[in-house]
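These are my notebook entries on one protein chain. I set down what I looked up, one topic at a time.

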Amino acid sequence: MVSKLGEMLVKAQLITDAQLDEVMKIQRREGGKLGSIVVRSGFCSDQDIVSFLGMQYGVPAADLEQWPPIDAGVIALIPKDLAQRHKVLPLQRTGNVLTLAMSDPTDIFAMDDVRFHTGYNVDPVVSSEMGLARAVEKYYGGASAVRLSDGTVARGTQGAGGASGAGGATTTSPGQNFDAEDEHFDLADLEQELDADAEYDATEDDEDSVNVGSLKRGSEDAPVVKLVNMVLIDAIKRGASDIHIEPYEKTYRIRFRIDGILMEVMRPNLKLKDPLTSRVKILAKLNIAERRLPQDGRIKLRVNMGGKQKVIDYRVSILPTLFGEKIVLRLLDSDKLMLDLTKLGFEQESLDRWDRQISKPYGMVLVTGPTGSGKTNTLYSSIAKLNTVDTNIMTAEDPVEFNFPGINQVQMKEQIGLNFAAALRSFLRQDPNIILVGEIRDFETAEIAIKASLTGHLVLSTLHTNDAPSTINRLMNMGVEPFLVATSVNIICAQRLVRRLCSNCKAVDAHQQPPEALYKVGFTPEEVERGITFYKPVGCEACNKRGYKGRVGLYEVLEMSETLKDMILTGASAIELREQGQKEGMITLRRSGCRKVLDGVTTIEEIIRETVL
């Protein structure tokens, strides 16, 4: 089928029919965009194509070679990976309108992506593809480079599969060394290699047709090995907590969760879906032929970054979805584990209450919040403080995320009947002082944990509730009697994580909020009258242009008083418990957030995103 652009160029007498036929043959043989091939073949100039497209599409044409220097703040609006992927370049911003240079001004997906990332309306102008590529190289400094090497395994050998890697590729096996400073390749070169080498056929949904040998061979090809290596290392460099590899009907994308926010980093060729999945499964020692059931595994890598050796665990979860298997890798970096309670974000009053209760010889200490809110970190920090030579600490976890010397940690294995309840029963015969239960999920676990706390043991655990007072009702909804809750629970801590403003580039926000809006957020009249200095994210090299770097906790600590215990026995609601807790000095999650804003640690937008009044 003749290209529509080709027909238009012939009609405009920019090229002849014979030239179009020649261009089409080149395109069928080598691929690429027709306009680029026309220019490369010398049939017309780059600027002729741009001017022609501008008239056809009714948008201005921009010659980027003659365009004035673009402001760095405008360039920073669009991430480098997005500009490279869509071949676009921001030129200027006027109000809420962003002028965007594009080689194809009809590409609504690119415009939607830019609109989503920036929050601005897009005003497209057409520019040549080669001119855009040069401009992106100029303003973004080229493609991002990731350096990898094969530490203990010889180059070109396959550590996990036992076969030889293609083209002298860097290959890896679980537990081997990475050197992030040795061999290097850049993302643009890799993507070209993927396009050239990825001759994989999509596997049918019929499970009987799975060819294990084909999957294994595909997973050992050089581009696939390089891609997986690059993703694993790049996630560490960017400070990601999770890697999401997601297949859809017509696209395949990889996202990183950085500081709690998911961001897309690349879209590999859809043909790489099965080989890439198989490669991750081989590294995690999972069954590459099983695609119908969820699988969980682990990858352990020794990484050499900046001359420092570190061990990174990747917790791997594979889930069958409609269009393939979604992979999520949770990064467990012991260097990032903060075990100092004073640095997590507790207000001093809340920290004093928490220290007082975890120092008691018995009772129940509960931490609550959604997945990814830092509950495990708080519990680890607490038992690290209590870990002395005269204390027997036992933990039941699913999974065990970090290893601690001096603490007896048990991994749950539901498939053989080792669950939290079974582990707790065994713990009570092991002469423990302190017991940590990863999560109270059911009545049986709750009942045993409460009985342990009433028989001379300090029990720490987590639940999934929205705030501290509602944890009481959650326990009673599980079937625990009110008198057991009232007598066993010492303290409850609800928490959230919000992004921390980058200390290197944050700036004072000159925009003044009306007092009524600040009251609605949760600031007191005294704070508003005294005047509040707000800060806003700016973006710099230290924070990868995001304006935020790292996260800080918001904490709501409800210490059980005699009044609160009496209210639990009489069936008080969570709202009544909350009101009484505030009377006794409990700082709510929203107020904890407001204090962080007053201290210039975070922004109003962050605390509104994570908390309610």
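How many salt bridges does the count come to? I worked on a predicted model, and the count comes to 30 salt bridges. I then looked up several of them one by one.

**Entry 1: R546 and D259**

I found that the side chains of R546 and D259 meet in a salt bridge, at 3.5 Å from N to O. The two residues belong to distant parts of the chain, 287 residues apart. R546 sits in the loop between β19 (535-536) and β20 (548-559), and D259 sits in the loop between β7 and β8.

**Entry 2**

Strand β7 (residues 252-258) pairs with strand β8 (residues 261-266) in the antiparallel sense, over 5 bridges. I noted I261 in β8 as the bridge partner of I258.

**Entry 2: R356 and E559**

Which parts of the chain does the pair R356 and E559 tie together? The side chains of R356 and E559 meet in a salt bridge of 2.9 Å, N to O. R356 lies in helix α13 (residues 348-358) and E559 in strand β20, so the pair ties together parts 203 residues apart in sequence. R356 is partly exposed, with a relative accessible area of 43%. E559 is buried, with a value of 14%.

**Entry 3: E447 and K451**

I then turned to a salt bridge within one helix. The side chains of E447 and K451 meet at 3.6 Å, N to O. Both residues are in helix α16 (residues 443-453); they are 4 residues apart and so are separated by about one helical turn. E447 is partly exposed, with a relative accessible area of 29%, and K451 is partly exposed as well, at 48%.

**Entry 4: a network**

I also looked up a linked group. R85, D113, E264 and R267 are joined in a network of salt bridges.

**Entry 5: the sheet that includes β20**

In what order do the strands of the open sheet of 7 strands run? I read the order as β14-β13-β15-β16-β12-β17-β20, with mixed pairing. The edge strands are β14 (408-411) and β20, each of which pairs on one side only. Neighbouring strands of this sheet are turned by 20 degrees against each other on average, direction ignored.

Strand β12 (residues 363-368) and strand β16 (residues 458-463) pair in the parallel sense over 6 bridges. Here V367 stands opposite T462 in β16.

**Entry 6: helices on the sheet**

Lastly, I looked up two helices. Helix α15 (residues 420-427) lies across β13 (393-397), β14 and β15 (434-437), and runs at about 165 degrees to β13. Helix α23 (residues 589-598) packs on the sheet and touches β17 (489-501) and β20. The direction of α23 makes about 140 degrees with that of β20.

Note on methods: Residues are numbered from 1 along each chain as its sequence is written. This is a predicted model: local features need pLDDT of at least 70, side-chain atom pairs count only at pLDDT 80 or more; totals for chains, interfaces and linings use all residues. Side-chain values use heavy atoms; hydrogens and water are left out. Two strands pair if DSSP finds at least two bridges between them. A salt bridge is a side-chain nitrogen of Lys or Arg within 4 Å of a carboxyl oxygen of Asp or Glu. Buried means under 20% relative accessible area, exposed over 50%, partly exposed in between (1.4 Å probe, protein chains only). Axes are lines fitted to C-alpha atoms, for helices over the stretch in contact, and angles run from 0 to 180 degrees between N-to-C directions. Contact means heavy atoms within 4.5 Å.
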